[in-house]
Amino acid sequence: MSMSMHKPVPRHILKISDLTAEEITDILRLAAAMKRDRDRYNEALKGDTLLMLFEKPSLRTRVSLETGMHQMGGHAIFYSIDNSPLGKKESISDTGKVLSRMVQGITGRVMSRDSIRGLAEVSSIPVVNALDDYAHPMQMLADILTIQEKFGSWKGLTMAYFGDLENNMTYDLMRLCAVVGMNFRMAGEGDIEDSVWDEVNELCKKTGVTVERTPTAEAAITGVDIVYCDSWMSYGIPKEIEEERIRLFMPYQVTTDLMKLANPNAIFMNCLPAARGMEQTAEVIDGPQSVVFDQAENRLHAQKALLVRLLRPHSFEWYLTRL
């Protein structure tokens, strides 16, 4: 009698809405525990290897992933695909099948959503989007962990986002708020893709929150709890259009005067790198309401918990029962 062996279907995280609110809550529970007691989890991924594909450079992403895998007894491999994009030397299908036989997980920081989606379609191990042009889920987990630390809960809070609206951060912040149940306002320039609005509107029907675009920065920030902005000069922005982008986005710069319209206990967030005097003033990012460095540190803890959830789901459940 022949027996067929079936591998479990891998879980891929390509945008934050690939996780439910309940799953995000569980990941944050473990992340907080890992932050309190690193040594308790020093064999959580013992012997596992994570391959990190980088088409775009990033200090925080590389260091947090490598450090996190090391702290959990695993290993991370950095591989640059800057000069050899996925699908060029060999098919993405071949790449995914080969890597699935050698490592236990893959992260990809790439230019296009097509690359990470293509890799996920053929990989029999978890694939995590470490940033593309459509989403940034690992950053979202760090952000919501930071919000939980500062407020105790995100329920009933409102976030305002300013600047470039036609990018991965805007899209995934919209999704994040719609998934977990936070209101979201944004003010800036750029066209938000219809697919993002369609998904977010459906999510909002389930959670009862609002995600809206406002005509001015003042309208967006009034009475909010979280103020968020991102670089106006993302990787790949041509030098010759930088001045035009500064002119375009300057009406949405976060200043101390603008911050006064938010709730008195509001926090300021930026996923970094930040440019003082551009998306925010130095007084804001270096001021008492800024949590940007807590936010940056939380990349490490949130990603560790996510990797355990994906690479060793049974261990993840076991850890949760002991919190």
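Helix α12 is mostly covered in this predicted model, with 16 of its 20 residues buried. The helix comprises residues 292-311, and at 1.5 Å a residue it should span 28 Å; the C-alpha atoms at its ends lie 29 Å apart, which agrees with that expectation. A bend of about 30° occurs in α12 at N298.

An open sheet is formed by 5 strands, arranged in the order β7-β6-β5-β8-β9 with parallel pairing. M159 is found opposite F184 of β6. Helix α5 (residues 137-151) packs on the sheet, where it touches β5, β8 (226-229) and β9. The direction of α5 makes about 165° with that of β9.

The largest nonpolar core contains 69 residues, and I24, I147 and M182 have the most contacts inside it. Helix α6 (residues 168-180) supplies the largest share of this core, namely 9 residues. When neighbours within four places in sequence are left aside, the contacts of I24 are with I16, L19, L141, I144, L176, V179 and V180. Another core, of 20 residues, lies apart from the largest one; among its members are A160, A217, F268 and I285.

Several backbone features were also identified. The loop between β9 and α11 (282-285) holds P273, and the peptide bond leading from L272 to P273 is cis, with omega near 5°. L272 belongs to the loop between β9 and α11 and has a positive phi, near 65°, in a residue other than glycine. With a relative accessible area of 15%, L272 falls under the 20% cut-off and is therefore buried. A positive phi, of about 140°, is likewise found at L131, although L131 is not a glycine. L131 is located in strand β4 (residues 127-131). The relative accessible area of L131 is 8%, so this residue is buried.

Notes. Residues numbered from 1 in each chain as written. Predicted model: local features only at pLDDT ≥ 70, side-chain atom pairs only at ≥ 80, totals over all residues. Heavy atoms only, no water. Helix = DSSP H or I, 4+ residues; strand = E, 2+ residues; numbered from the N terminus. Expected span 1.5 Å × (residues − 1). Bend = angle between axes of the 7 residues up to and from the residue. Buried < 20%, exposed > 50% of the residue type's maximum accessible area, 1.4 Å probe, protein only. Pairing = 2+ DSSP bridges. Contact = heavy atoms within 4.5 Å. Axes fitted to C-alpha atoms, helices over the stretch in contact; angles between N-to-C directions. Core = buried A, V, L, I, M, F, W, Y, C linked by side-chain atoms within 4.5 Å.
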